[in-house]
Amino acid sequence: MSNEKLTTRSENYSEWYNQVIQRAELADYAPVRGCMVIRPHGWALWENIQQSLDRRFKATGHVNAAFPLLIPKSFLEKEKEHVEGFAPELAVVTIGGGEVLEEPLIVRPTSETIIGYMYAKWIKSYRDLPLLINQWGNVVRWEMRTRLFLRTLEFYWQEGHTAHATEKEAKEETLRMLETYTRFAIDDAAVPVIPGRKSATEKFAGAVHSYSIEAMMGDTKALQSGTSHLLGQNFAKAFEIQYLDENNTQQFCWTTSWGLSTRFIGAIIMTHGDDQGLILPPKLAPIQVVIVPIYKNDEEKSKVMPVVERLRLELSDFRIKVDDRSEVTPGFKFNDWEMRGVPLRLEVGPKDVEKESVMAARRDIPGREGKSILPQEQLRGKIADLLTDIHTSLYERARAFRDAHIFDPKNYDELKQIVQEGWAFSWWCGDPACEAKVKEDTKATTRCIPLDQPARNGKCIVCGKDAHEKVYFSKAY
RNA sequence: CGGGGCGUGGCUCAGUCCGGCUAGAGCACUCGGUUCGGGACCGAGAGGUCGAAGGUUCAAAUCCUUUCGCCCCGACCA
């Protein structure tokens with residue numbers, strides 16, 4: 001831990017981001033370029049994300065399995081668009097056990113191909129469908145430029161892969177999982193997201209349609225925080241995933257895939273963090289409540305600690321920690337836990353022992369404003385309420401920030417201005433040429449075409465032709 | 001791959017231009033004491049093949065050559 005002040009977000013946003021990660025001990029740089037070590041505090045956060053999502057996956061009928069890390073190179077080549085999309089960023093194993101391999105192996109960048117191969121083996125009949133499998137794992141993509149959590153050579157994620165008898169079912173699944181991600185982001189991470197469809201140029205290599213949830217970071221750039229793909233029959237045809245229907249006719253399956261990665265940790269950092277450091281949403285925070293005991297001498301300590309211990313037991317429903325370090329002062333601990341993003345801090349000192357109270361400090365409201373004195377009686381319920389409040393206020397604050405930075409440009413010149421400091425929500429004719437022009441002029445790309453659309457039609461912000469959908473343009477991570 | 005920056009105790013850096021005593025500082029760490037309701041203080045201590053290799057020189061952190069790595073900014077992407 002450094003004692004120096006954190007770089008502020010307005011001074012240098014990306015420097016702020018890097019410092020928060022290191023000082024909150026979420027992650028550290030590994031010896032290999034572009035790789036990171038996820039440290040215990042970061043991993044604990046990821047575990048909570050996993051639990052939250054996994055519960056939702058199970059509730060919608062999915063089961064977990066594990067597929068191998070290494071994939072025959074030829075598998076990738078079976079789906080044309082897929083291989084073209086991923087070829088530049090593949091890590092390839094050419095030697096094993098000291099021998100040059102007959103066929104090089106790919107370190108999976110995603111698992112559609114090997115899962116497709118297995119599904120072809122497993123699926124025979126319409127009775128085998130739908131097949132709903134998820135896996136938690138890691139993948140490797142050889143990226144040019146990397147950032148902690150947002151883009152690393154190796155990252156952890158979950159990838160769901162499903163096979164269905166009909167296009168309708170596959171499409172329902174794709175949207176169901178998009179909705180699952182949306183609920184997770186809003187209800188558990190307090191991250192406001194916009195679910196929508198990706199443009200053809202932004203979609204997953206090999207998908208018919210890609211959908212994403214898009215979040216606005218504290219610097220107004222967009223972050224794709226989860227994706228769900230309708231793969232149509234592309235992979236089914238490439239891998240011959242077929243079933244016999246009720247009429248004894250061979251049919252190709254309709255497949256989907258969907259993923260959410262450790263990148264989401266970046267979304268949490270950049271959605272909620274402030275100039276004091278990390279702010280974690282209560283439902284996902286590895287430590288929800290920290291108790292800092294306060295005393296001047298052994299006599300005070302002997303009075304304070306039994307109360308602290310009693311409160312710790314009483315609050316054992318929460319993820320709670322008592323900071324009993326004797327080598328640092330309470331003031332240091334306050335800053336330390338604020339840096340680490342703990343949503344709620346309780347201070348217990350001699351005055352509290354006397355008055356049977358505790359001092360509570362909310363992480364989302366800095367300084368004196370966020371402090372309140374609570375009676376020790378019925379503390380558990382009060383803490384639960386406070387954590388709920390913190391969740392709500394984090395969400396509302398992030399949503400207000402986002403909405404204040406979304407604009408509807410009146411013309412193309414305005415759009416060019418807007419995407420420098422926010423998102424533009426505009427009519428778009430759907431022509432990739434218009435999208436490309438915006439990108440060339442401004443570096444902003446289409447983020448998503450939201451599922452919720454106005455009832456009327458409009459004119460494309462770029463070319464002026466008829467448009468029936470509105471899209472978000474913005475710079476993105 | 002292009003542009004920029006940087007490699008010196010765990011961290012942040014000074015020293016490099018202009019070679020020369022035993023390579024420094026702050027923070028962190030260890031021990032002792034005083035402190036403790038918003039980043040405490042005093043004293044003592046431990047810790048470094050100066051990214052690596054080669055060269056020039058009586059002498060290299062410093063000059064030359066080569067090389068490796070990392071970070072930041074651009075083109076590709078969750």
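**Exercise 1. Which domains does the domain assignment of chain A give?**

Solution. The model is predicted. Step one: read the assignment along chain A. Domain 1 covers 13-272. Domain 2 covers 289-383, and domain 3 covers 406-474. Step three: list who takes part in the contact. Domain 1 gives 18 residues and domain 3 gives 17 residues.

**Exercise 2. State the area buried between domain 1 and domain 3, and what share carbon and sulfur atoms give.**

Solution. Interface size is often expressed as the accessible area lost when the parts come together. Step two: apply it. About 1,400 Å² is buried between domain 1 and domain 3.

**Exercise 3. Find the salt bridges and polar contacts across the interface of domain 1 and domain 3.**

Solution. Step one: count the salt bridges. The rule finds three across this interface. Step three: count polar contacts. Nine residue pairs qualify across the interface of domain 1 and domain 3.

**Exercise 4. Describe the side of domain 1 that touches domain 3, by element and by class.**

Solution. Step one: name the elements that give two or more residues. They are β9 (194-197), β10 (209-216) and β11 (222-232). β10 gives the largest share, five residues. Step three: sort this side by class. It has seven nonpolar, six polar and five charged residues.

Key
Residues numbered from 1 in each chain as written. Chains lettered and ligands numbered in written order. Predicted model: local features only at pLDDT ≥ 70, side-chain atom pairs only at ≥ 80, totals over all residues. Heavy atoms only, no water. Domains from an automatic or database assignment. Contact = heavy atoms within 4.5 Å. Buried area = accessible area lost by both parts, 1.4 Å probe. Salt bridge = Lys/Arg side-chain N within 4 Å of Asp/Glu carboxyl O. Polar contact = N/O pair within 3.5 Å; in protein donor to acceptor, adjacent residues only side chain to side chain. Helix = DSSP H or I, 4+ residues; strand = E, 2+ residues; numbered from the N terminus. Nonpolar A, V, L, I, M, F, W, Y, C, P; charged D, E, K, R; others polar.
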